[in-house]
Amino acid sequence: MSFDHRSPAAMALAAVLTTTTITSPAWAHEKPATAADRVLRVYSNNLENLVTNNADGSCTRISGPAHLTSMLVDDEGRTGTSGVRAPDLLIVQQVRGTGQASAYADQLSAKVGYPAGTYKAIVAWDDPEPWGSTHKCSQQELGDLKKKQTNALIYNTRTLSLASGDVSKYWSAGWLKPGTSYAGGAGCTLYKPPNNDSGNTNAHKWKRTSAIAAKFTIRETGTAVFAATMHLPEQNGQNACAGAGTTGIGNSGIHVGADATALMNASAIRVIGVDANRTNIAATTLSGFGMTGHGTKATMGSRKIDYLFVKGAVLPSPIGHTVSSTKSNHLALYGFITY
């Protein structure tokens, strides 16, 4: 089915957002899940501002629709088939702010044949200040697109509702400031002023690690769903830090803020997506929250540094919950949860 069959408003939106021609799959006009198909479809990915870094030092800009096509899968883990269904939650890291997150959400709405605004974005920082210089892109204009970084949750309003008080205040990640000694968490601090990077170039880098969470309600059943997105500093790879003097849960560098914990405790289904910048975080790390890690393959080159933790009945995945075709430097993780 071609997008030529959409309404004029949807066609105009797609023309503004991308010049890429997209083919709409058979599921484009499906209704919300019924009792026969109660599956919450969740994805997590670091979008890298939709600009990927190449081995030769160049960068490539990726359109939102192209990224979505590369990430969304059917029950057999295949992209681009008629079995792909509209996602319910996208947990994303490294977007430029509300503008990019909202445009991406509208691109998703257009892709699945829904009106603009069907998918909505919750963003930790609306318009974070830029940081860094080239961002390892030989084309400066593409490096500039990666200078603003924050994290977001994108949700399907057809299947999920959100009350105004059910979004947590952001909380900071932890880190070990360069030159500081480390011993089992000693030396760790919160990664925010006055303990952030020194120098004007990196003054606002800490905003890329601000986490945000929300408690949604599944419209069909009233089931509460907690979701959080996190992006931890690169330094977490060498020395686990989650805050002042602590290595975090299971020495992972992960911690959950107080407001977010309250929302989580009130939710039957729980999902946390995190770019931890750290390898060997066990699937049982968040078992104290009733959560299990999903995804066994490397997510960035030869390293697994991205994680998806879920409390809920997750359907098995033929591809290990990791989408190898993802058009990002990070591979997407997913979990399809029955309710």
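Biologist: Leaving out residues up to four places away in sequence, what does Tyr119 touch?

Modeller: This is a predicted model, to start with. In it, Tyr119 touches Ala86, Pro87, Ala105, Asp106, Leu108, Ser109, Val112, Tyr114, Ile154, Tyr155 and Asn156, with residues up to four places away in sequence not counted.

Biologist: Which residues have the most contacts inside the largest nonpolar core?

Modeller: Tyr119 is one of them, along with Tyr43, Met71, Leu90 and Tyr104. That core has 28 residues.

Biologist: Which elements supply at least two residues each?

Modeller: Two helices do, H2 (64–71) and H3 (98–111). The strands that do so are E1 (39–46), E4 (89–95), E5 (119–123), E6 (150–156) and E17 (332–338). The largest share, four residues, comes from H3.

Biologist: What lies apart from that core?

Modeller: Another core, of 25 residues. Val42, Tyr155, Ile269 and Val310 are among its members.

Biologist: Why group nonpolar side chains like that?

Modeller: Because nonpolar side chains tend to be buried together in soluble globular proteins.

Biologist: On to the sheets. What is the strand order in the open sheet of six strands?

Modeller: The order is E7-E10-E11-E12-E14-E13, and the pairing is mixed. E7 (160–167) and E13 (292–294) are the edge strands, each pairing on one side only. From one strand to the next, the twist averages 25 degrees.

Biologist: How many bridges join E12 to E14, and do they run parallel or antiparallel?

Modeller: Six bridges, and the strands run antiparallel. E12 covers residues 269–275 and E14 covers residues 306–311.

Biologist: Different topic. Where is Asn196, and is it buried or exposed?

Modeller: Asn196 is in the loop between E9 (189–190) and E10 (212–218). Its relative accessibility is 10%, so Asn196 counts as buried, the cut-off being under 20%.

Biologist: Which peptide bond is cis?

Modeller: The one from Pro193 to Pro194, with omega near 5 degrees. Pro194 is in the loop between E9 and E10.

Biologist: What about phi at Gln94 and Asn251?

Modeller: Neither is a glycine, yet phi is positive, about 60 degrees for Gln94 and about 55 degrees for Asn251. Gln94 is in strand E4, while Asn251 is in the loop between E11 and H5.

Biologist: Are those two buried, exposed or partly exposed?

Modeller: Gln94 counts as buried because its relative accessibility is 3%. Asn251 counts as partly exposed because its value is 48%.

Biologist: And overall, how many helices and strands are there?

Modeller: The protein has five helices and 17 strands. Of the 339 residues, 54% are buried.

Biologist: How much accessible surface does the protein have?

Modeller: About 13500 Å², with 52% of that belonging to carbon and sulfur atoms.

Biologist: What share of contacts join residues at least 24 apart?

Modeller: 71%, among contacts between residues at least 6 apart in sequence.

How values were computed:
Residues are numbered from 1 along each chain as its sequence is written. This is a predicted model: local features need pLDDT of at least 70, side-chain atom pairs count only at pLDDT 80 or more; totals for chains, interfaces and linings use all residues. Side-chain values use heavy atoms; hydrogens and water are left out. A nonpolar core is a set of buried Ala, Val, Leu, Ile, Met, Phe, Trp, Tyr and Cys residues joined through side-chain atoms within 4.5 Å. Buried means under 20% relative accessible area, exposed over 50%, partly exposed in between (1.4 Å probe, protein chains only). Contact means heavy atoms within 4.5 Å. Two strands pair if DSSP finds at least two bridges between them. Axes are lines fitted to C-alpha atoms, for helices over the stretch in contact, and angles run from 0 to 180 degrees between N-to-C directions. Accessible areas come from the Shrake-Rupley method with a 1.4 Å probe; for residues, only the protein chains shown count as cover.
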